[in-house]
Amino acid sequence: MLSRLFAPKVKVSAHCDLPCGVYDPAQARIEAESVKAVQEKYQANEDPHFRARATVIKEQRAELAKHHVSVLWSDYFKAPHFEKYPELNQLVNDTLKALSAAKASTDPKTGEKALELIAEIDRIFWETKKA
């Protein structure tokens with residue numbers, strides 16, 4: 001009797017983790033913009049304490065950007081997307097590698113490279129949303 005009382009009343013299903021609309025490359029772009037901004041601030045400041053804090057923040061933001069790109073790849077993009085955009089797997093891999101390089105570097109050029117690749121993922125993402 002108790003099992004029937006506490007049993008779910010409604011069953012739901014979705015083709016992704018949550019109903020569509022929760023994925024957006026903007027999350028990765030914002031974190032990557034932070035990486036690049038921190039790299040620029042790092043270059044403009046000689047204070048070792050500031051640089052130490054900047055390094056920690058940069059590395060955290062780069063990891064968050066990598067997470068958001070990985071979630072798009074594993075949870076949002078599906079087989080039809082990879083068929084239509086055969087470069088997508090390599091693009092995601094290159095983006096993750098660029099974010100790793102930006103995480104390990106204080107050169108803003110590495111942050112800029114990651115942003116360029118995220119912009120390409122963003123373009124493909126929004127094309128898939130139109131379909």
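The protein holds six helices and zero strands. The model is predicted.

**View 1. The whole chain, element by element.** Read from the N terminus, the order of elements is α-α-α-α-α-α. The protein has 131 residues, and 33% of them count as buried. Its accessible surface is about 8400 Å². Carbon and sulfur atoms account for 58% of that surface. Among contacts with a separation of 6 or more, 73% link residues 24 or more positions apart.

**View 2. Lys66 and its partners.** Lys66 lies in helix 3, which spans residues 48-76. Leave out residues up to four places away in sequence, and Lys66 touches Leu96, Leu99 and Ser100.

**View 3. The polar contact between Lys66 and Ser100.** Here the side chains of Lys66 and Ser100 are joined by a polar contact of 2.9 Å. Ser100 is also listed among the residues that Lys66 touches.

**View 4. Leu117 in helix 6.** Helix 6 covers residues 108-130, and Leu117 is part of this helix. Leu117 counts as buried because its relative accessible area is 12%, and buried means under 20%.

**View 5. The surroundings of Leu117.** Neighbours within four places in sequence are set aside here. Leu117 is then in contact with Leu91, Asp94, Thr95 and Ala98. Val92 gives a further reference point for Leu117: the two are 25 residues apart in sequence. From C-alpha to C-alpha, Leu117 and Val92 are 8.2 Å apart in space.

Notes
Residues numbered from 1 in each chain as written. Predicted model: local features only at pLDDT ≥ 70, side-chain atom pairs only at ≥ 80, totals over all residues. Heavy atoms only, no water. Helix = DSSP H or I, 4+ residues; strand = E, 2+ residues; numbered from the N terminus. Polar contact = N/O pair within 3.5 Å; in protein donor to acceptor, adjacent residues only side chain to side chain. Contact = heavy atoms within 4.5 Å. Buried < 20%, exposed > 50% of the residue type's maximum accessible area, 1.4 Å probe, protein only. Areas by Shrake-Rupley, 256 points an atom, 1.4 Å probe, with all protein chains shown as cover.
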